[in-house]
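Welcome, and thanks for taking a look at this one with me. Please have the sequence and the structure open as you read.

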Amino acid sequence: MRPSAVVFGYHNVGVRCLAVLLAHGVRVAIVVTHEDAAGETIWFDSVAETAAMHDIPVIAPSDPNAPDLLERVRAIAPDFLFSFYYRFMLSPALLGAARRGAFNMHGSLLPRYRGRAPVNWAVLRGDRETGATLHEMVEKPDAGRLVDQQAVPILPNDTAREVFDKVTLAAEIVLDRSLPGLVSGSVKLAPQNLAAGSYFGARRPEDGRIDWTRGALEIHNLVRAVAPPYPGAFSFVGGAELRVLRTLDMGERDPVEGQPALHVRDGHLYLRGVDGGLLRVLSAEYGGAPLTSANFATRLGGESVPLHP
């Protein structure tokens, strides 16, 4: 008999992992998703559309732990409950409604980066590796036993979006590799060493403000971590907002240290950090319009502009 599942899902990870379940013949009784957040840039695929394409019932309750949904899941009596980038916490009662276990796909190598925005945090902190982890769901977020995980590299100039695409593929690989063992009951779960990682909270658009007392590498990591489709790194220069949307770290340095600045050199726009590190600015906006090496002097009144902490 085909195993059954209730899926809570959202985002690209939700789409790809739902596809894996269906490819393995899992009978998905219902997909629970949620409405897109107001004002959020929707750059990712729709779990609801994917489910509808396969004639799977879809609901988007405001509260996934409401008594009526709990009773509906209990009536389905699924073998498994899966959460794939669903943004709300699920109650122990809901998790317990799955006869053979509830499992979540998390976008990091647990126990590192438990909590929110794990890809963005990994890029911000300059990590060279992250991944996806399938783990058992318990009451405490991202704390259950591990099923499997897959690492992916973070290259020095990768943006969070580029890393997220890698993590999405890693999630697909992990689930495809692990699902036969979950279904057969042969999988061995490994307890997490929670002391080896930390919990991270959600990030807000205002967290993208650039601190000019930081060195060039830290600024570069911030730019990468919040680059579009995320809100972007920003500061205020001459009374207008400067948004630094993409930088390239080529390992260059300027002999002048102590004064962060934007300047044009050899037809390129550069950002100099307080430590003398140089970043090539590939994309920026000033006052809501594109800022380039060609229009820099006209718009900012010179070939070099100091950036004040």
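How many nonpolar, polar and charged residues does the lining of the largest pocket have?

## The largest pocket

The lining has 26 nonpolar, 13 polar and eight charged residues. Here Ala, Val, Leu, Ile, Met, Phe, Trp, Tyr, Cys and Pro count as nonpolar, Asp, Glu, Lys and Arg as charged, and the others, Gly among them, as polar. Of the 47 lining residues, Arg 87, Arg 116, Ala 117, Pro 118 and Ala 202 lie nearest the pocket's centre. β5 (102-106), α5 (118-124), β7 (129-136) and α7 (216-226) each supply at least two lining residues.

A pocket is an open set of points on a 1 Å grid over the protein atoms alone, where a 1.4 Å probe fits, with protein on both sides within 12 Å along at least five of seven lines; lining residues have an atom within 4 Å of a point. Helices (H or I, at least four residues) and strands (E, at least two) are DSSP runs, numbered from the N terminus.

## About the model

This is a predicted model, in which local features need pLDDT of at least 70 and side-chain atom pairs pLDDT 80 or more, while totals for chains, interfaces and linings use all residues. Residues are numbered from 1 along each chain as its sequence is written, and side-chain values use heavy atoms, leaving out hydrogens and water.

## Thr 247

Thr 247 lies in strand β11 (residues 240-248).
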